[in-house]
Amino acid sequence: MFSQEIKNEHNSNFFIGYIYSNTDCLPIEKANIRISAKNKLSYSTTDRDGKFELSSNYGNAVDFIEVSSMGFKKVIKSTISDTIYLENETNQLSEIIINSKPHVKQQLSFFEKLNTFEVNFSWDSKAAVYIPRNNENKEIKNLLFAVSDYGGVKNLKFLPFKVNLYTVDSLGRPYKPILDKDIPVIKQNNDDLTKVDISKYKITIPNSGIFVAFIILEEKEYSTHFIYSKRGLISAVPALKAYKYNDAYIRKSYLFNKCDYPEKCNIWLPQNRHYLIDVEF
């Protein structure tokens, strides 16, 4: 583990870290961080992505860092780590066990799935959705993608893209590709979902879960680069449908693309939407 030290808008150094549940690897919102350095105390609170920031003006003279959140065991460390996991706190009274486990939504309801919207991308973009392990642990037969047109432009969904599977890192983000090569795909019909058969790879979902990735090709691999849509000039690439964001939904979505800011360079960033990507057993 290591601390990420970057500069904020005031050009001062600060650390960025994340707090996750050790049980399901989901971010813990409103966790309290208390740090002691040079006989001074600093405080921070995590956002909905489990992210916290701490000033690094005190250098390496850290006495301790304390992390606490309701329903979890308090953690006290002598060094600052960029990822800290909290264990659920279980209290036992006689024969009654109270387990304070944060609510996790495994599936979206019928009404939450009624309304979808299109999300467009640019070249070299990668969108990925976390798929947790199920109880049956069967081999994955198909990957499913709601490939779409965008902004009223027809036939974008029939343009090529690639797919792959990724492992999960310590932050709960996509880590390494599982298949040696991305699988090229071109949608062949008007079905709502594009199926990609991966049965020959005999892949089961590990305990940590798995990411299914939708990958846009390089610009040079598309014959048309830009096109006008109802929403302005866009890259002529296939889009994806998505669901409205639900913070409790376990299937978080991430996007990897060209960096715009130094602290966001070449990393997977959480999205405030759920890409319509799934698996079929």
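Me: Among contacts between residues at least 6 apart in sequence, what share joins residues at least 24 apart in this chain?

Reply: It's 67%. A contact here means heavy atoms within 4.5 Å. Keep in mind that this is a predicted model, where local features need pLDDT of at least 70 and side-chain atom pairs count only at pLDDT 80 or more, while totals for chains, interfaces and linings use all residues. Residues are numbered from 1 along each chain as its sequence is written, and side-chain values use heavy atoms, with hydrogens and water left out.

Me: How many helices and strands does the chain have?

Reply: Helices (H or I, at least four residues) and strands (E, at least two) are DSSP runs, numbered from the N terminus. Here you get 0 helices and 26 strands.

Me: What percentage of the residues count as buried?

Reply: Buried means under 20% relative accessible area, exposed means over 50%, and partly exposed lies in between (1.4 Å probe, protein chains only). Of the 281 residues in the chain, 44% are buried.

Me: Now the charged pairs: how many salt bridges turn up in the whole structure?

Reply: Side chains of opposite charge can pair when their charged atoms come close. To count as a salt bridge, a side-chain nitrogen of Lys or Arg has to be within 4 Å of a carboxyl oxygen of Asp or Glu. A search of the whole structure finds 8.

Me: Which residue does D278 pair with, and where do the two sit?

Reply: D278 forms a salt bridge with R251, and their closest N and O atoms are 2.7 Å apart. This pair links distant parts of the chain: D278 belongs to strand β26 (residues 277-280), while R251 is in the loop between β22 (239-244) and β23 (253-256), 27 residues apart.

Me: Are D278 and R251 buried or partly exposed?

Reply: One of each! R251 is buried, at 12% relative accessible area, whereas D278 is partly exposed at 27%.

Me: What does E87 pair with?

Reply: Its side chain meets that of K73 in a salt bridge, 3.8 Å from N to O. Again distant parts of the chain are linked: E87 is in the loop between β8 (83-86) and β9 (90-93), K73 in the loop between β6 (64-68) and β7 (75-77), 14 residues apart. E87 is partly exposed at 42%, and K73 is partly exposed at 40%.
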